[in-house]
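Open the model in your viewer and keep the selection panel at hand. The tour moves from stop to stop, with something to select at each.

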Amino acid sequence: MASPTHAALAHDDAPPELRHHFPDLAKQREASSLGMWVFLVTEVLFFGGMFLAYAIYRETHRRAFEGASNLLDLKLGATNTIVLIVSSLTMALAVWASGRSRKNATVLFLVLTMLLGATFLGIKYVEYKQKFERHEVPGPHFVVPQDEETHQPLPRQSEMFFSLYFCMTGLHAIHMIIGLGLVSWLVVRARRGEFSERYNTPVDMVGLYWHFVDIIWIYLFPLLYLLGRHTL
Amino acid sequence: MSTSEPVPAVRPARPDYLNASYGVRSWLLTSDHKRIAILYLITVTFFFAIGGVAAALVRLELLTPAGDVFQAETYNKIFTTHGIMMVFFFLIPAIPAVLGNFLVPLMIGAKDLAFPRINLLSWYLLVIGGLIALWALIHGGLDTGWTFYTPYSTVYSNGWVVVTAVGIFIAGFSSILTGLNFIVTLHTMRAPGMTWTRMPLFCWGMYATAIIQILGTPVIAITLLLVGAERLFHLGIFDPAQGGDPVLFQHLFWFYSHPAVYIMILPAMAVISELVTAFSRKPIFGYKFIAGSSIAIAALSFLVWGHHMFVSGQSVYAGLVFSILSFMVAIPSAIKVFNWTATLYKGSVSYQTPLLYALGFIGLFTFGGLTGLFLASLGLDIHVHDTYFIVAHFHYIMVGGTIMAYLGGMHYWWPKISGKLYPEYWSRVSAWVIFIGFNLTFFPQFIVGYLGMPRRYHQYPEEFQVLNVMSTAGASILGIGYLIPLVYFIWSMRYGKDAADNPWGATGLEWQTPSPPPTENFVETPVVSGRPYDYATGREEVALG
């Protein structure tokens, strides 16, 4: 080997976004992108445990689950689905705008995404509130609800449906809140003009995360609200 | 030491990662993978010591048949502390987070891991999670065992289940982030010419481990979250009274916790592959098979969890399938053992301390693996289930396997990590003391378990006492064996001889940079032009020059 001299002088003319251990921005972006996808894989497994529990218990307690599913507010759930899909569109537009150095458009789309995300959480709050008022929250205050059609009490295991409902939507909502935090961080950086054609990796990565959280909801909505439903 | 390179009397003060900057801040806020490895080293050593003290208390209680030292509940809390500290805060992070962190970038010719700040974050997560769990275990106590089986953990236990689970949950993210970092690093940061089949087998082992970390760990995270939710909010996911199924917990738990065993053993195998070839002075036999068997073990690891549940009421057909799949794990494991043996065959073997540990590993791992086949047999498992036979089996894998490899690796790379040589005589003594102490501790447990002594009780019938006394005596020797390296590693940092850049004459990029390496790892980015372990061409001579 050559004699040990100073070596850390490689990136004197490097762009400011380039971290010292990457040869160029393309490589750095590749690493960030792969890292984000790997992280999303872990998220799939994280939610996967609850999807498994849902699949098993829906099969063993079919009548309880279908009856309890009927008690969810389909209109609010459907509205929320649309809200989230539109927020994915605005997020995608933010990624597009940031990659073309359009600062104002980037900020606009990011703020729209935040508003839509906040709307989702607001509607979710209304839904949760209903559940509390009707004693449909599992635990000591749970009252076994009546079937909407027959007015007979549902099987005892309807509580399990609501356990899973709150775990799954609750964890999804926590991911939404984290997403809102990330997008607001992007807004600050975008306003400073940090994103450009050369470098918009953070917007791209948060975009992936945001889409992923949306996709979770795309699965949650039919599983919880639609499957086996017999009233609208 | 075998090297003939003269050690200069006054070493020119060249900048390395240890003297690059000083002060607590420069360590706690570092993003240098080598410094983070040192932080991990200190952390896991601390947790190992806690787990070791708990193990000593367990062996103390089992010296006599009567429950005369601790009450049953206290005893339960002690073995739970031992299990949780050792599994989640020592064995899982030990080799990947210490040696992997230090070596992966060096071995592939990179300046750092892909995400240095996430790397530091994962260390903080381990520390925070570990301290929360430790506080819960000591202050409140937990008596469920490290397995948290429901409904005991959710309904009946008076221990601090939720707080401990929170600690493990946080540390889980440490493990996930380390795995994520390794995967991205190995994909994107390899030096020019370092193709996948030129990558050292250590890196292949880390890659396979990382796959398990990212696929398995989220499942234990959600499982513990559900256990916590059940205790705090009375949800009923695992509660039969609400239509839940406690066995679902076991499925979810072992879906992570069986692969977790491979998070512990794959890095150990990765270390052994390096040690065996370096001290045989021969290219490793069957490079592609060893690399591929790591991936095969990672894949199979997710298909065998049901063998923990042969007596939990799962269907006999599920049991059959899990039994067959568990036997299949023997194939890639045996591929490795045979290839290491073939590497040693007709090599110019030098029995230095790292190889002593490696040979200890090969013997003990083979023993632990073969007894695993007993446990994978449906009929035999009913006889030995929840006895000391299983305790002995997994300690042969985890202690005889992982810790032997960890110590072997620590000795092999210590000159690179610290820039100092450890004392050869004492290191050989410690290798022998550990090997003897280990076998004296755990071999009697195979017998006493086969004779029917159940695990997790603080009392036992008198006829088992002789074997238990042997086990406790062995544990005392083992404990001394672990203290010796701790003392001389610390001693060598101050008084040890300076190490050459390549004291073993080994191949591998990590030996072609100074000991200890500079912060940026390599003076010039290396270019790789050939296969690893090229001992035939005398490339090590070049490296020494």
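Helices here are DSSP runs of H or I with at least four residues, strands are runs of E with at least two, and both are numbered from the N terminus. This is a predicted model, in which local features need pLDDT of at least 70, side-chain atom pairs count only at pLDDT 80 or more, and totals for chains, interfaces and linings use all residues. Residues are numbered from 1 along each chain as its sequence is written, while chains are lettered from A and ligands numbered from 1 in the order in which they are written.

**Stop 1**

Select Y533(B). Y533(B) sits in the loop between helix 16 and helix 17 of chain B. Its phi is positive, about 60°, although Y533(B) is not a glycine. Is Y533(B) buried or exposed? Y533(B) counts as buried, with 25 C-beta neighbours inside 10 Å. The cut-offs: buried means 20 or more other C-beta atoms within 10 Å of the residue's own, exposed means 12 or fewer, and partly exposed is in between, with C-beta atoms placed from the backbone.

Now take D534(B), in the loop between helix 16 and helix 17 (539-544) of chain B. D534(B) has 14 C-beta neighbours inside 10 Å and therefore counts as partly exposed. The C-alpha atoms of D534(B) and I284(B) are 8.7 Å apart, although 250 residues separate them along the chain.

Go to P516(B), also placed in the loop between helix 16 and helix 17 of chain B. The peptide bond joining S515(B) and P516(B) is cis, with omega about -15°.

**Stop 2: the loop between helices 4 and 5**

Select P151(B), in the loop between helix 4 (116-140) and helix 5 (152-156) of chain B. A cis peptide bond joins T150(B) to P151(B), with omega about 0°. F148(B) is found in the loop between helix 4 and helix 5 of chain B. F148(B) is not a glycine, yet its phi is positive, about 55°. F148(B) is buried, with 25 other C-beta atoms within 10 Å.

**Stop 3: helix 2 against helix 16**

Show residues 33-61 and 465-495 of chain B. These are helix 2 and helix 16, which pack at an angle of about 160° with axes 9 Å apart. Axes are lines fitted to C-alpha atoms, for helices over the stretch in contact, and angles run from 0 to 180 degrees between N-to-C directions. Helix 2 and helix 16 of chain B are therefore roughly antiparallel. Angles over 145 degrees count as roughly antiparallel, under 35 as roughly parallel, 65 to 115 as roughly perpendicular and the rest as oblique.

Which residues of helix 2 of chain B meet helix 16 of chain B? They are G52(B), A55(B), A56(B) and R59(B). Their partners in helix 16 of chain B include A475(B), G479(B) and Y482(B). Residues are in contact if their C-beta atoms, placed from the backbone, lie within 7 Å.

**Stop 4: helix 12 against helix 15**

Select residues 353-376 and 424-450 of chain B. The axes of helix 12 and helix 15 come within 9 Å and cross at roughly 10°. That makes helix 12 of chain B roughly parallel to helix 15 of chain B. Among the residues that meet, Y357(B) and G360(B) belong to helix 12 of chain B, and A431(B) and F435(B) to helix 15 of chain B.

**Stop 5: where the chains touch**

Finish with both chains shown. The contact takes 38 residues from chain B and 35 residues from chain A. On the side of chain B that touches chain A, helix 6 (161-188), helix 7 (201-233) and helix 8 (246-280) of chain B each give two or more residues. Helix 7 of chain B supplies the largest share, ten residues.

Conventions: Two residues are in contact if their C-beta atoms, placed from the backbone, lie within 7 Å.
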